[in-house]
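Student: Could we go through the side-chain contacts in this structure together? I would like to begin with how accessibility is classed.

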Amino acid sequence: RKGGIVARGGDLCGLLGPGDFLAAGVPGAGPPSSNSTPPADYYCVYAGRSSYMGGIEFDAFLADSAADAASIFKTVTKETADPDALDRAKALGVDQALLSLKAPGDPRSFASIDVRQGRLVFAIGFPSGPQAEAQLLALARLVLQRGAGLAK
């Protein structure tokens, strides 16, 4: 099953479904388990316990303003982006985007992308592999397309 557009106030985990990960070449995703605080904070795990623990994860946050989103993005990147994170904002056409192909201190080496566009902030992470950058960018584009109405 693939994700879809989510209206304001809806479950942001619905922006990505297990079929989206599979279509991007990331196997093993199942229906998400959610540890969320609606309407603003959604922690969605599709496999395992977290991307840091070798799983597949999508976290999404809807801020009250773009300034609040910038603060959330800073917090999110402290948790996921490594010091050598690649700036991918221009490639995605967003306010901010950092892509990491590994995390400091994590022997499992997961790949992640953190994105901020307007009021929407999200992070995607899964075990790293040779196609991780292309997979992360493809999934981020899906979220941006489906969440375009939320970012405003």
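Tutor: Buried means under 20% relative accessible area, exposed means over 50%, and partly exposed is in between. Please keep in mind that the model is predicted.

Student: Then how does Y43 count, and at what relative accessibility?

Tutor: Y43 has a relative accessibility of 34%, so Y43 counts as partly exposed.

Student: How many aromatic pairs are there?

Tutor: The count comes to four aromatic pairs. One of them joins Y43 and F61, whose ring centres are 5.4 Å apart; the planes stand at 75 degrees, so the pair is edge-to-face.

Student: Which parts does that pair tie together?

Tutor: Y43 belongs to strand 2 (residues 41-47) and F61 to strand 3 (residues 56-62), so the contact ties together parts 18 residues apart in sequence.

Student: And F61, buried or exposed?

Tutor: F61 counts as buried, at 7% relative accessibility.

Student: What about the pair of F58 and F122?

Tutor: F58 and F122 form a tilted pair, with 6.1 Å from centre to centre and 55 degrees between the planes. The pair links distant parts of the chain, since F58 is in strand 3 and F122 is in strand 7 (residues 120-127), 64 residues apart. F58 is buried at 0% relative accessibility, and F122 is buried with a relative accessible area of 0%.

Student: Changing topic: how many salt bridges does a search of the whole structure find?

Tutor: The search finds three salt bridges. Among them is D20 with R146, where the closest N and O atoms are 2.7 Å apart. This bridge links D20 in helix 1 (residues 18-23) to R146 in helix 4 (residues 132-146), distant parts of the chain 126 residues apart.

Student: Is D20 buried or exposed? And R146, buried or exposed?

Tutor: D20 is buried at 2% relative accessibility, and R146 is buried with a relative accessible area of 12%.

Student: Where does R88 come in?

Tutor: R88 forms a salt bridge with E133, with 2.7 Å between the closest N and O atoms. R88 is in the loop between strand 4 (86-87) and helix 3 (89-92), while E133 is in helix 4, 45 residues apart. R88 is partly exposed at 22%, and E133 is partly exposed at 25%.

Student: And R116 with D95, how far apart are the closest N and O atoms?

Tutor: In that salt bridge they are 3.4 Å apart. R116 lies in strand 6 (residues 110-117) and D95 in the loop between helix 3 and strand 5 (96-100), so the bridge ties together parts 21 residues apart in sequence. R116 is buried, at 12%, whereas D95 is partly exposed, at 39%.

Definitions and conventions: Residues numbered from 1 in each chain as written. Predicted model: local features only at pLDDT ≥ 70, side-chain atom pairs only at ≥ 80, totals over all residues. Heavy atoms only, no water. Phe/Tyr/Trp six-rings, centres within 6.5 Å; stacked < 30°, edge-to-face > 60°. Helix = DSSP H or I, 4+ residues; strand = E, 2+ residues; numbered from the N terminus. Buried < 20%, exposed > 50% of the residue type's maximum accessible area, 1.4 Å probe, protein only. Salt bridge = Lys/Arg side-chain N within 4 Å of Asp/Glu carboxyl O.
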